[in-house]
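Biologist: Hi, I'm new to this one. Could you walk me through it?

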Amino acid sequence: MADITEGRICGIQWLADWGEWFAGLTFARGIAPDELAARLGAVPGVRPGPLGAPAAWSMVTETADGDGVARVGSWGGWSFAVEHGLPAGAERLADVSRAGVEAIHLDPQPDHPPKQFAYAMDGELVCCFGLGEECWRGGHRPDFLLPELVAAGVLGPDGATAEPDDEPVEDRERRTLAVLEQRFGLTLPRHLIADTPLPAYVTCTR
């Protein structure tokens with residue numbers, strides 16, 4: 001389970017219960033936050049300064065220079081980008097991971113569930129799936145996380161869905177997020193996404 005420290009929830013399992021998760025999250029291990037922004041397609045010379053979530057969303061609706069705004073930082077050994085608007089991480093993840101970098105993208109898909117997970121390493125999309133649809137896996141190594149998903153009871157040994165049909169969606173998602181949290185050591189306090197002004201970049205997926 002996620003830890004609670006000074007009233008802030010660590011890990012990433014809390015995302016399953018957060019009704020305000022609308023921004024995509026891209027993590028990278030092996031590069032600094034500014035390099036992560038560059039690999040996500042940061043528009044050169046466009047630095048709006050530290051932004052909180054409300055200001056970033058306002059900028060998304062106003063900017064004509066790009067498709068989104070990425071607020072970046074680092075936590076728990078990973079650089080991260082909170083992607084407001086069109087998430088560049090969904091299209092650029094393999095490129096983000098080039099030259100030995102690990103990269104993870106979590107997309108809440110609020111208008112088109114399920115939430116999406118993807119993992120890339122060294123320029124290659126390793127595996128991807130929807131939370132709640134782990135039986136349909138993609139990538140060059142779709143079974144990369146299968147042992148962990150089976151051990152957590154998310155999937156059966158044959159890779160088919162194992163959970164009861166009446167399990168609450170949030171509980172189901174939390175179990176998968178727990179697998180990702182443990183396997184990759186992911187942690188990101190809620191206040192960094194919701195409240196903290198972070199260095200921001202305009203990003204373009206084109």
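**Starting at a helix**

Modeller: The buried residues of α3 pack against β3 (24-29), α1 (33-39), β5 (78-85), β6, β7 (116-121) and β8 (124-130). Contact here means heavy atoms within 4.5 Å, and buried means under 20% relative accessible area, exposed over 50%, partly exposed in between (1.4 Å probe, protein chains only). Helices (H or I, at least four residues) and strands (E, at least two) are DSSP runs, numbered from the N terminus.

Biologist: What should I know about the model itself?

Modeller: This is a predicted model, where local features need pLDDT of at least 70, side-chain atom pairs count only at pLDDT 80 or more, and totals for chains, interfaces and linings use all residues. Residues are numbered from 1 along each chain as its sequence is written, and side-chain values use heavy atoms, with hydrogens and water left out.

Biologist: Okay, which residues of α3 are buried?

Modeller: G89, R92, L93 and V96. They cover an arc of only 145 degrees around the axis, so they sit on the same side of α3. That arc is taken from the directions from the helix axis to the C-beta atoms.

Biologist: And S97, is that buried or exposed?

Modeller: S97 is buried, with a relative accessible area of 0%. You'll find S97 in the loop between α3 (89-96) and β6 (102-107).

Biologist: Which residues does S97 touch?

Modeller: Not counting residues up to four places away in sequence, S97 touches R39, A103, A120, M121, D122, G123 and E124.

Biologist: What about A99, buried or exposed?

Modeller: A99 is exposed, with a relative accessible area of 68%. A99 is also in the loop between α3 and β6, and its phi is near 60 degrees, a positive value in a residue other than glycine.

Biologist: Switching topic: how many aromatic pairs are there?

Modeller: A search of the whole structure finds 6. Rings of Phe, Tyr and Trp (its six-membered ring) pair if their centres lie within 6.5 Å; planes under 30 degrees apart count as stacked, over 60 as edge-to-face and the rest as tilted. One of them is F27 with W78: the ring centres are 6.4 Å apart and the planes at 85 degrees, so the pair is edge-to-face.

Biologist: Where do F27 and W78 lie?

Modeller: F27 is in strand β3 and W78 in strand β5, 51 residues apart, so this pair links distant parts of the chain. F27 and W78 are both buried.
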